[in-house]
Amino acid sequence: MSTCAKVSRDLEEPLAGTAATARTWLLVEQPGPWGAKALTSSHLDPALGRALEKAAEGTGVRIALIRRPGRHADCHTVAERQVYAAHTTPGNVWLHKATTSAPERLLELDFTELGEGLPGTFDATLDGAPHTGDPLALVCTNGRRDRCCALLGRPLAAELAASGVDGIWEVTHLGGHRFSPTLLVLPFGYAYGRAEAHAVKEILQGVREGRVVTEGCRGSSAWERPGQAAELAVRTAAHEDTAGALSVVRTEGSAPRWEVTVAHADGRHWLVTVAQGAALPPRPESCGSALGSPARMDVMAVRELSRTAVAHPTGH
């Protein structure tokens, strides 16, 4: 039987504009097995998992569980766990880490502040500090959500870890099983699909140098999906790979058509027309699901605006 990832690859389904949306990521180490809804179906206290889900609702914070690559001893008690918080909006990108033996303290975090890009509550509550090591590469391996994530994600995470790449973690869910192996890179927050080990090493080297690799990129989690596609299109058109150089400053319209304004840190602006189409022919969005036509983001036009047009925008 063909997997959803193979079908998507064979049909050359575009990756741009498919990343999960989150301005801030909160990552909590949880070894052992994960269920389909990992926050409430792992060895993390399910009551704590439910409370964390509720605390994060509507704040722009997305919580995921992480674990080291490799075979997982089914341990029910964890003495100490790593916790990371990362904010991905250009101009205020940061990654902080902490260690805790009391995961219930996560409920003391101010999730609204975290979503707005303020790390103070994380540092004060958990004795956190800026992460000074290598960038993080989070590979989705949760086979309980989709078998492709286990079949393709776990070998990738293991290969990267075995080859000495630091910062590799398995993560519970990044969306888009059919793009497995999927990957999120922090602190910049760009997601990738159909990842291979050599490409991941190039992506991480780019992060160290402050660059964004656009090949295989699904978009930045800081933006909604039309903005993700628009920003990647401007990167390509302007030959711009500097991380943090571009921001989505305005999105007008609604499905199936948007006009997205993308700004460069140097003052240039572009107007990008993005249309939502249906991926055809129908394909399964995940293994075992019925055939469907997932939304795809198609960039119809990229137009650089004059300084005058930026100063006196028309429209809404």
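Me: Which residue of strand 9 does L184 stand opposite?
Reply: L184 stands opposite A191. Strands here are DSSP E runs of at least two residues, and helices are H or I runs of at least four, both numbered from the N terminus. This is a predicted model, where local features need pLDDT of at least 70, side-chain atom pairs count only at pLDDT 80 or more, and totals for chains, interfaces and linings use all residues. Residues are numbered from 1 along each chain as its sequence is written, and side-chain values use heavy atoms, leaving out hydrogens and water.

Me: What makes strand 8 and strand 9 a pair?
Reply: Happy to show you: pairing takes at least two bridges found by DSSP, and three bridges join strand 8 to strand 9, so they pair, running antiparallel.

Me: And what joins strand 6 to strand 8?
Reply: Four bridges join strand 6 (residues 136-140) to strand 8, and these two run antiparallel. Within strand 8, L184 is the bridge partner of L138.

Me: Why is C140 called buried?
Reply: Buried means under 20% relative accessible area, with exposed over 50% and partly exposed in between (1.4 Å probe, protein chains only). C140 has 3%, so C140 counts as buried.

Me: Why does C217 count as buried?
Reply: The relative accessible area of C217 is 4%, so C217 is buried as well.
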